[in-house]
Amino acid sequence: LYLIGMMNTADRSLAMIDYALRRRFSFFEMVPGYNTDGFRRYQAGFDNETFNSLIDRIGELNREIIQDSSLGRGFCIGHSYFCNKAICTDQWMREVVEYSILPMLEEYWFDKPEKITRWANILRGVLND
């Protein structure tokens with residue numbers, strides 16, 4: 001019997017519980033699946049240049065998050081924000097950016113408003129071209 005639990009790096013705010021779990025269980029790191037065959041087929045099925053550009057910008061954002069010493073790989077923006085849609089619309093992409101991605105960046109960089117502003121402009125710019 002295998003029990004599989006998932007925990008986001010951001011869940012480490014409960015540090016004492018995290019330490020207890022790490023002592024008792026095995027861990028496997030999962031990374032965003034933008035480069036998997038499945039996501040690439042899903043993306044190609046949309047045939048949407050705006051979506052492609054948005055995913056490219058999210059890749060750039062993730063590289064910056066990885067390089068940030070206060071964040072790192074565990075804080076990358078996952079592909080699940082962009083999954084499970086049959087039709088790709090500008091409204092849907094805008095909602096993901098405005099109500100999921102940007103609020104998360106505001107938490108990540110609450111003390112670096114210039115980064116939030118820069119990434120808000122980049123991501124919104126993709127949708128306003």
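In this predicted model, the buried residues of helix α4 are W92, M93, V96, V97, I101, L102, M104, L105 and Y108.

Helix α4 itself covers residues 90-108, which makes 19 residues, and from its first C-alpha to its last it reaches 25 Å, close to the 27 Å expected at 1.5 Å a residue. The helix is bent, by about 30 degrees, at V97, and V97 is also one of the buried residues of α4.

Helix α3 can be described in the same terms. It has 19 residues and reaches 27 Å between its first and last C-alpha atoms, close to the 27 Å expected at 1.5 Å a residue. Its buried residues are F51, N52, L54, I55, I58, G59, L61, N62, E64 and I65, and what covers them includes α2, α4 and α5.

Which residues does Q43 touch, once its neighbours within four places in sequence are left aside? Q43 is placed in helix α2, and its contacts beyond that range are with F51, N52 and I55, each of which is listed among the buried residues of α3. Q43 counts as buried because its relative accessible area is 14%, and the cut-off for buried is under 20%.

Taken as a whole, the protein chain has five helices and zero strands, so that, starting from the N terminus, its elements run α-α-α-α-α. Of its 129 residues, 33% count as buried. Among the contacts between residues at least 6 apart in sequence, 62% join residues at least 24 apart.

| Pair | Separation in sequence | C-alpha to C-alpha distance |
|---|---|---|
| D90 and F51 | 39 residues | 8.5 Å |
| E49 and V126 | 77 residues | 9.8 Å |
| N35 and G59 | 24 residues | 9.9 Å |

The residues named in these pairs differ in setting. E49 is found in helix α3 and is exposed, with a relative accessible area of 59%.

Two loop residues deserve attention for their backbone angles. As a general rule, most residues other than glycine have a negative phi. D47, although it is not a glycine, has a positive phi of about 50 degrees, and its place is in the loop between α2 and α3. N84, likewise not a glycine, has a positive phi of about 65 degrees and lies in the loop between α3 and α4. Are these two residues buried or exposed? D47 is exposed, with a relative accessible area of 69%, and N84 is exposed too, with a relative accessible area of 78%.

The last topic is the second largest pocket, which holds about 330 Å³ of space. It is lined by 15 residues, and those closest to its centre are P32, Y34, N35, G59 and N62. The elements that give two or more residues to this lining are α2, spanning residues 37-46, and α3, spanning residues 49-67. The largest share, six residues, comes from α3. By type, the lining residues of this pocket divide into seven nonpolar, four polar and four charged. Two of the residues closest to the pocket centre, N35 and G59, also form one of the pairs in the table, where their C-alpha atoms are 9.9 Å apart.

Note on methods. Residues are numbered from 1 along each chain as its sequence is written. This is a predicted model: local features need pLDDT of at least 70, side-chain atom pairs count only at pLDDT 80 or more; totals for chains, interfaces and linings use all residues. Side-chain values use heavy atoms; hydrogens and water are left out. On a 1 Å grid over the protein atoms alone, a cavity is a set of points where a 1.4 Å probe fits but cannot get out, and a pocket is an open set with protein on both sides within 12 Å along at least five of seven lines; lining residues have an atom within 4 Å of a point. Grid points are joined across faces, edges and corners, and a volume is the space filled by probe spheres set on the points. Helices (H or I, at least four residues) and strands (E, at least two) are DSSP runs, numbered from the N terminus. Ala, Val, Leu, Ile, Met, Phe, Trp, Tyr, Cys and Pro count as nonpolar, Asp, Glu, Lys and Arg as charged, and the others, Gly among them, as polar. Buried means under 20% relative accessible area, exposed over 50%, partly exposed in between (1.4 Å probe, protein chains only). Contact means heavy atoms within 4.5 Å. The expected span of a helix is 1.5 Å times one less than its number of residues. The bend at a residue is the angle between axes fitted to the seven residues ending there and the seven starting there.
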